Amino acid sequence: VDSASVDDPQIELIGVRKEFGDSRHKVVAVEGADLTVGDGELFAILGPSGSGKTTVLRMIAGFEQPTAGTIHLGGVDVTALPARRRDPRA
């Protein structure tokens, strides 16, 4: 989705990267993920096994922290917030 076409983004990922492991055995699960979902839009994440779909959803929910990039929910930067503090209605 072109971010310029979404007037009211509710989910926004900007340059999100997720690495697992240490410096000797690093695995990049997600690289440069950009996503914009507007209010009321329906979206799907499709891809083969091991392509990072679940990792992206876990980062949006706050169960994993991205190695780089930012995550906004309802216009608020929630990148560093744990799952329990990501309720946009609070």
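Two strands count as paired here if DSSP finds at least two bridges between them. Strands themselves are DSSP runs of E with at least two residues, helices are runs of H or I with at least four, and both are numbered from the N terminus.

**Entry 1: ground rules.** I am working on a predicted model, where local features need pLDDT of at least 70 and side-chain atom pairs count only at pLDDT 80 or more, while totals for chains, interfaces and linings use all residues. Residues are numbered from 1 along each chain as its sequence is written, and side-chain values use heavy atoms, with hydrogens and water left out.

**Entry 2: the sheet.** I began with β1 and β2, which run antiparallel and are joined by 8 bridges. I then followed the strand order and got β2-β1-β3-β4, an open sheet of 4 strands with antiparallel pairing. Its edge strands are β2 and β4 (76-77), each of which pairs on one side only. I also looked at β3 (residues 68-73), which runs antiparallel to β4 and is joined to β4 by 2 bridges. His 72 stands opposite Asp 77 in β4. Next I checked the helix: α1 packs on the sheet and touches β1 (9-20), β2 and β3. For contact I take heavy atoms within 4.5 Å. The direction of α1 makes about 120° with that of β1; axes are lines fitted to C-alpha atoms, for helices over the stretch in contact, and angles run from 0 to 180 degrees between N-to-C directions.

**Entry 3: the hairpin and Pro 9.** I looked up the hairpin of β1 and β2 and found 6 residues between the strands, with Gly 21 taking a positive phi near 90°. Which residue of β2 is the bridge partner of Pro 9? I found Gly 38 there. Pro 9 itself lies in strand β1 and counts as partly exposed at 22% relative accessibility. On this scale buried means under 20% relative accessible area, exposed means over 50%, and partly exposed is in between (1.4 Å probe, protein chains only). Leaving aside residues up to four places away in sequence, I listed the contacts of Pro 9 as Thr 36, Val 37, Gly 38, Gly 74 and Gly 75.

**Entry 4: salt bridges.** My search of the whole structure found 4 salt bridges, each being a side-chain nitrogen of Lys or Arg within 4 Å of a carboxyl oxygen of Asp or Glu. Arg 17 meets Glu 19 at 2.6 Å, N to O, and Glu 31 with its closest N and O atoms 1.9 Å apart. Because Glu 31 lies in strand β2 and Arg 17 in strand β1, this pair ties together parts that are 14 residues apart in sequence. Glu 31 is exposed at 53% relative accessibility. Through shared partners, salt bridges join Arg 17, Glu 19 and Glu 31 into one network. I noted another salt bridge between Glu 64 and Arg 58 (3.5 Å, N to O), where Arg 58 is partly exposed at 35%.

**Entry 5: a nonpolar patch.** Which residues make the nonpolar surface patch of about 230 Å²? I found Phe 43, Ile 45 and Leu 57. Patch members have over 30% relative accessible area and no salt bridge; like charges are joined within 9 Å, and nonpolar side chains (Val, Leu, Ile, Met, Phe, Trp, Tyr) within 5 Å. Phe 43 sits in the loop between β2 (27-38) and α1 (53-61), and is partly exposed at 33%.

Definitions and conventions
Accessible areas come from the Shrake-Rupley method with a 1.4 Å probe; for residues, only the protein chains shown count as cover.
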